[in-house]
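Here is a short briefing on one protein model. Take a look at the structure, then work through the points below.

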Amino acid sequence: MANQVEHSLFPDLYDCFQSERFVTLSTVDFETGGPNVSAISWIYAKDETSLLFAVDQKSRIIQNIGQNPLTVVNVIANGSTYSISGKSSVLLPRLEGVPLKVSLIRLAIHEVRDVMFYGSKISVEPVYEKTYDKSAAERLDRQVLEAMKKA
């Protein structure tokens, strides 16, 4: 399915963003003008045309988007790798119902591109684990996801 381009999330990809997921987020660095890549997991598909993600209020991501809204989310899902690009904006400077000071950002999707190289597929998706208090991490993750769903 390499090089297929869509302008919104297709159903299987939308479903992937209904729970916590490891993705990389690329923005344009406000100081250097070069790429800035961050790993995040608090991301949720509000609908087929937008992704919501939460980051610390002091994150460099906030400053980068403030200067240049062009953003790319890279996700490994459904046996492939996808680049989801568009323009981001801070939807809520402070996400209510979360004990940490996090901002909610909306990515308005312009393009969804399958970027997996020809003749291959991902056989195992990335797996990660929280290295701090597991129950506290699960509670925080639930709070953030529920707050994003309500926004």
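Tyr128 counts as partly exposed, because its relative accessibility is 36%. This model is predicted.

**Aromatic pairs**

- A search of the whole structure finds 2 aromatic pairs.
- Phe22 and Tyr128 form a tilted aromatic pair. The ring centres are 6.2 Å apart, with 50 degrees between the planes.
- Phe22 sits in the loop between helix 1 and strand 2. Tyr128 sits in the loop between strand 8 and helix 3 (134-150).
- The pair therefore ties together parts that are 106 residues apart in sequence.
- Phe22 has 35% relative accessibility, so Phe22 counts as partly exposed. Partly exposed covers the range between the buried limit, under 20%, and the exposed limit, over 50%.

**Strand 8 and its partners**

- Strand 7 and strand 8 run antiparallel, joined by 10 bridges. Here, Ile84 has Val112 in strand 8 as its bridge partner.
- Strand 5 also pairs with strand 8 in the antiparallel sense, over 7 bridges. Ser50 stands opposite Ala108 in strand 8.
- Strand 1 (residues 5-6) pairs with strand 8 in the antiparallel sense too, over 2 bridges. Glu6 stands opposite Val112 in strand 8.

**The largest nonpolar core**

- In soluble globular proteins, nonpolar side chains tend to be buried together.
- The largest nonpolar core here has 25 residues. Which of them touch the most other members? They are Leu9, Leu13, Phe17, Leu51, Phe53 and Ile84.

- Another core lies apart from the largest one. This other core has 13 residues, among them Trp42, Leu140, Val144 and Leu145.

**Ile84 up close**

- What does Ile84 touch, leaving out residues up to four places away in sequence? Its contacts include Leu9, Leu13, Phe17 and Leu51.
- Ile84 also touches Thr71, Val72, Val73 and Val75.
- Leu107, Ile109, Glu111 and Val112 are touched by Ile84 as well. Val112 is also the bridge partner of Ile84 in strand 8.

How values were computed
Residues numbered from 1 in each chain as written. Predicted model: local features only at pLDDT ≥ 70, side-chain atom pairs only at ≥ 80, totals over all residues. Heavy atoms only, no water. Core = buried A, V, L, I, M, F, W, Y, C linked by side-chain atoms within 4.5 Å. Buried < 20%, exposed > 50% of the residue type's maximum accessible area, 1.4 Å probe, protein only. Contact = heavy atoms within 4.5 Å. Pairing = 2+ DSSP bridges. Helix = DSSP H or I, 4+ residues; strand = E, 2+ residues; numbered from the N terminus. Phe/Tyr/Trp six-rings, centres within 6.5 Å; stacked < 30°, edge-to-face > 60°.
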